[in-house]
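Dear colleague,

I am passing on a structure for you to look at, and my notes on it follow below the display.

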Amino acid sequence: MHDLVAITALGGTDPQVDSVGTVTCSEVPGVALASVAVRLGKEQEATAALAELTGAPAPGVGRFESKQIASIWIGPDQWLVEAPFETHENLADQAKAATGNAASVSEQTDAWARFDLIGSGVLAVLELLCPLDTRRMVEGDVARTSIHHLGCFILCRASEQFSVYGPRSSAGSLHHAIVTAMKSAL
Amino acid sequence: MTQGNRLSGGQIDRNTTLSFKFDNRSYTAHPGDTLASALLANNVRLIGRSFKYHRPRGLLTAGSEEPNGIVELRTGNRQEPNTRATTIEMFEGLEARSQNRWPSLKFDALAINDRFSNFLTAGFYYKTFMWPAAFWEKLYEPMIRRAAGLGSLSMQEDPDECDKGFRHCDLLIIGAGPAGLMAALTAGRAGADVILADEDFALGGRLNSESFALNDGAAADWAAQAVAELSALPNVRLMPRTTVIGAFDHGIYGAVERTGDHLASLPAGKPRQILWRIYTKRSLLCAGATERPIAFENNDRPGIMLASALRTYANRFATTAAQRVAVLTNNDDGLRTAADLHAKGVKIAAVIDVRPDAPINHDYEVLRGAQVSDTKGRLGLSFVEVALADGSIRTLECGALGVSGGWNPNVHLTCHQRGRPVWNDDLAAFVPGTDLPPGLSVAGAANGAMSTHGALRSGAEGAMKALDLKGSLPDLPAAEDAPASQTPFWYVQGCSRAWLDQQNDVTVKDVKLSHQEGFRSVEHLKRYTTLGMATDQGKTSNMGGLAIMAELAGKSIPETGTTIFRPPYTPVPIATFAGRMKGKEFHPTRLTPSHHWAKERGAVFVEAGNWLRAQWFPLPGETHWRESVDREVRQTRASVGVCDCTTLGKIDVQGSDAAAFLNRIYCNGFAKLAVGKTRYGLMLREDGMVMDDGTAARLGEDHFVVTTTTANAVSVYRHMEFVRQCPFPDMDVQLISTTEAWAQYAIAGPNSRKLLQKIVDPEFDISNEGFPFMACANITVCCGLRARLFRISFSGELAFEIAVPSRYGDALMRRLMTEGEEFHVVPYGTEALGVMRIEKGHAAGNELNGTTTALNLGMGRMVSKKKDSIGSVLSEREGLNEPGALMMVGIKPLNQEDKITAGGHLMEASGPVDAAHDQGYVTSAAFSPTLECHIGLGFLKNGGARQGEKMRLVSPLTDVTIDVEIVSAHFVDPEGERLRA
Amino acid sequence: MRYSGFKVLKEALSGHKGWKPAWRDPEPKAQYDIVIIGGGGHGLATAHYLAKVYGQRNVAVIEKGWIGGGNVGRNTTIIRSNYLLDENEPFYEFSLKLWEGLEQDLNYNAMVSQRGIINLIHSDAQRDAFTRRGNAMILHGADAELLDAEQVRKEYPYLNFDDARFPIKGGLAQRRGGTARHDAVAWGYARSADGNGVDIVQNCEVTGFRIEDGKCLGVETTRGFIGAGKVGCAVAGNSGRVMGMAGIRLPIESHVLQAFVSEGLKPVLPGVITFGAGHFYVSQSDKGGLVFGGDIDGYNSYAQRGNLPVVEDVCEGGMALLPMIGRARLLRMWGGIMDMSMDGSPIIDRTHIDGLYFNGGWCYGGFKATPASGYCFAHLLARDEPHPTAKAYRLDRFRTGRMIDEKGVGNQPNLH
Amino acid sequence: MIIDHPLLGPRDSSEFVYLGDAALIDRPDWQVENAAEAFYDYAYLRGNPAGEHRELWFHESGDRSWLVVTRNTVTHEISKVELARDVARAQGRSK
């Protein structure tokens, strides 16, 4: 096993946690990600393989499923699979093995920085950040939108529990935007 | 004596006394006051000066339509010019100053302009100040500029912050007067998702300003109850202090919430204002109406106010502008002012009613069929001259005159998508037209329902219609239902210096002159006289000007036209539109995986798009950037250097058609590229110009990794998606950006392989035979970490690029530095990178400037004619293939000491230096430590055939002329032996 | 009637009785030698130069609404000649020279004010590009000055030098650049053209062209047919619409550009400033308002209004560059329709229809070009050959591959 | 503006990037004998209508779909939104 030490998107060895009032924003580095895109004409095979891999049917438009491996719809015939990093560092290989020639698979683990926003009042924070009507989002809803000029995914994990995925290189700017909004709204 | 003009009652909290300053004098006020009401309560009528003639100015209104009562609010770096006293909510310690006067408000030197008003008529400046020509900038204009302008900025950064936000609702109700409140109750009770916004801090609109009853209680009490019920409804969001500024496309409204302007100071982290983008399914405009003045001689003295404003000050703010008040009206509504003030114990000098049949009143005198012929009072009104019905003149002593010329519906938002209001004869006013912004409907006085009952009713109806609610109307409170008809009376015949636009000093005389000179359309009138161009946007002046123009043109008002209103409804601070996107947060910042390490090393960083990249790594003792850069270059070429090149775009291209797809994207061929090999690719725009260049590595039969330049990563990805989704929808190819997923480092120099061998796991052979130039592979490093290795070179040295998951980028860089110590490895930054690529003659951003073709770059032959690729057809146009076309060349100074100027132009060795003899230009330049002189790349006419030619490089801009020699662009290792070593 | 300080004085003392309309309001004649479509800056300037320079007086300018109601009255009033390419710089420099003599030429004070313009530099690559441009300007006989950050700071100490996301590294200055009072430009040209016998016909909308065997005989209008030896179309913004009536497809898209003005302020900015790392440029009018703008909204539009995203984008640029304008209030916003051409440069040329001439594709550079555009269009109409400074502005340059692309973004109009 | 995405429903236009006339889907065949003229027309000439306009938008901060939006250039009213890929296939485009 290699001995290189990983750092989080915000540059620390430990994830950063910020609380303002009732809302907590936590950096979540412990996830592995891979994209699974259906090959032309292989929709059935690919979605079946994806279901097999994740233990849940491939989610439809704007939805995600989270069983042993989560699958997140990100575009037509395209999903992100998400799993704990320590157990699935090679998630892309697993996904490729599962889907074979039915799908194109790409490593995405470190393409993204994840922040979980949890607590009552979180909607007041989100309405300062993105144009989505997050009040209408229910558990299992996902949408990509723009936060302070950054393309981000917003996942509703449960009532008043959201995950925000933003581009890793801009994690600092995204984090600043979120914490600023928390101080403003709460 | 303080607050000498206070009356009984009102909606102010007398238990608390606040102190404030105006022009450095201290006064007292109460919560619930505005600065305007507090000044009146303290018997201050003179508040400002007008724009052009510097005439004394007091308050005209009690609301956001105020043209006169504008002040500089707050102090230091929070100073806020041109703020309407009528909308400033009182707080403890408030400080305000009058503006546009010198040396003082009472004695303003520029009031002299008023004496010369005869010369300063509309448009006079277009006719003079022309001779001598040079005097305009030197003399006339500086004078005008100093005199012009209103308030002043602090010239410092505002420490307070603004936010932006986004809200969604089924129904947005704009205005919380009787119509808006009734609409909100109707919609809210029906369970709709409602937002009710009002610019005032107290919801209720005119209900807070009137003395009449709703049901059997005070109108204001009913409003308070309605607000209480609404705030208890979870599906209704009340937004007081929120001005809806504009109706934009598809039901999006801009709204400004003043979250902190009423506070003495902001709590930490809280915004002063929030710009809301409100997404609505439907919206209901209940913005009410604005009273219109009547023009008469000298109608601009402090103390002359709208009748409804006097009523608002008396009933809501418990204050009067003076102890003796007269009223001029052409309608019954104006009479309410006299009645209310009288009831509060204010002496009514007389009611001047232009109607011969005006109703008599027993409490005070009503002068029927009378008009105001003139007024007196230097800094405030003291006498009103009345022309009685019998033609005789009577002088009334009074400190305030309430003027009512009827009401104009507030149609502004209905015009924001260029819809035009229509004329209504009964109201003698413009009402909303039929071409409203989609989804918007109008209720209440804004729609011509002038009575309180009418407003309540149309509010309820409007909500039901907007939400398509069935059933009968809700019960409405009993309220006055006076008939709405108005007979217009715009101005007193024969008046001349009668003000229409009081801030910009536009008088009846100016409108007449404008007509006389042919500026007769409303647009010409506005632009020629500046009528309605002041900070109030003509809310109280446009109609009067239009009416007079109509009369002069002998046309009706609707024939003459209407001015439509543009956003914003009221002026909005620029900071509010910017929100947090300023200073360092103007754009997001992208950091490379080695950023924190580079910072520890004391690297100097530079912006590359949104990225921050290490520019060079100074060592202790290095005093000039050139020392560091030269060292980085020399050491890399001598041994080994490492550079973070993560910022290059990386796009995963997969699918059974991946190769065919790249064949379309790149002008050179990719179909036959072997697995495990990388190839340089040149990408054209459809117009034949070079769009980008980079490499494509074939990791598998149906898997490529494409790199783009840092600058074009996003646009190239977008372009690829376009090609696969639009012209070629059935190509089996899938794309995703992996730029951020991988930390990628260039390891360059003769010892780069030796260094790599220390971290690449032994099962991978990276010898020249096992891993030749342009090879690529998936490998592992440092005992099992997955990585990608490419043998490509930008520097011209033996070089590799290695990629590992970004989270390990920091650790890998540190490992490379420790493992490389024996080779004296150096990290190098973008400067050294740039020097080495110029030495090698690689085109980069400065050469790929969007106007260069493959031919210009000397790569014309790369454009395959055997296949269809984007841009190949149009690249063959004659204009792009003329003999003597620009070609990329290398440039060396004849005198080793001379510096090459990027941006300099190339001229023949002798002959004239001018545009006609321009031969080309220098795109990039650097000092080459390898050649130990400055070198450059550039484009030269017919450059391919001019190697060895002596020319002049001229840069008159920087006063440079040097002799140069045209050479091959490949200054270093032209045969490429090093990179194949 | 000649305008002068003495005339103003005399009229003031005699109650302003003597002022006459600035231009007549004539009925259109049945036939003119030349009919110009479009009573905007370019159309009126064309008429002025046709009459004054080329002796063509049997000319009409027909305008669908009121003159000066289009882009000449809806812009940010900047004049400059800081162009890079050989095909552009001589033309815009010619225009700037005409600006410098405009008031005396027109006997109308259009408040041409050469208070200077500075394009800010934020990167080394930008400095290289501006150096090349500044040199091109000087080689073409214009003025240019390269400033370092300290020199910029001396002139504009309150720009964001200390907390900037994209630090200011210098600027390219053109001292002869500046601003002009946009409405007055239209009125001055109209008054002068009218004085030289040109008929300015307002509220007369073109509804079609009368074209017989390849020759344009005149225009159908809401006020009847008007015959013409030659028809010149100068309706930038609406070129697609009008030339469409002649069956001509153009290398042009119509886009909306928003502009903004703040409340009046005591003097803040002496000259014109252009942000190099965002979409924002600004000057201060003589009345005291900050006049500013930025990028076009980016989608095809004929609606003279824009939307919030661009308003915000422009104000973000403003705050990033000038943090001290935060409490200045945006008073008014408006939109103008731009002829966005396929290479960002204009077209002044004949069409394939005999007797029909076209002037358009000005993108958002039209105002500063007004005098030269009018002069060169007049030259083309009068002489049937392009004016030397406008000879590259040909319709067929896209077919032959001779684009004039200052920005180097190619055939995507909304990027120019 | 609001673009009613055929998959995602109404989304703010600031999530999208505009390209231009949907005719850009109909890229000419590079081998037809008047290819040069065809590509000139394709790349440069526009109907630029005042009224209904079919145009391409890219959902960059969204699902990365290219859309064909039918929008009135005078009122900005959007009457139809389709996936560009479907439109292209319906027009017979393939590889």
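The largest cavity has a volume of about 260 Å³, where a cavity is a set of points, on a 1 Å grid over the protein atoms alone, at which a 1.4 Å probe fits but cannot get out, and the volume is the space filled by probe spheres set on points joined across faces, edges and corners. Of the 22 residues lining this cavity (each with an atom within 4 Å of a point), those closest to its centre are B:Asn408, B:Asn542, B:Met543, B:Thr563 and B:Phe565.

This is a predicted model, in which local features need pLDDT of at least 70 and side-chain atom pairs count only at pLDDT 80 or more, while totals for chains, interfaces and linings use all residues. Residues are numbered from 1 along each chain as its sequence is written, chains are lettered from A and ligands numbered from 1 in the order in which they are written, and side-chain values use heavy atoms, with hydrogens and water left out.

Turning to one residue, B:Thr562 is buried, with a relative accessible area of 16% (buried means under 20%, with a 1.4 Å probe and protein chains only). Beyond its neighbours within four places in sequence, B:Thr562 is in contact (heavy atoms within 4.5 Å) with B:Arg420, B:Pro421, B:Phe430, B:Val522 and B:Leu546.

As for the interface, the contact takes 115 residues from chain C and 120 residues from chain B. Between these chains the count is 13 salt bridges, each a side-chain nitrogen of Lys or Arg within 4 Å of a carboxyl oxygen of Asp or Glu.

Best regards

Conventions:
On a 1 Å grid over the protein atoms alone, a cavity is a set of points where a 1.4 Å probe fits but cannot get out, and a pocket is an open set with protein on both sides within 12 Å along at least five of seven lines; lining residues have an atom within 4 Å of a point. Buried means under 20% relative accessible area, exposed over 50%, partly exposed in between (1.4 Å probe, protein chains only).
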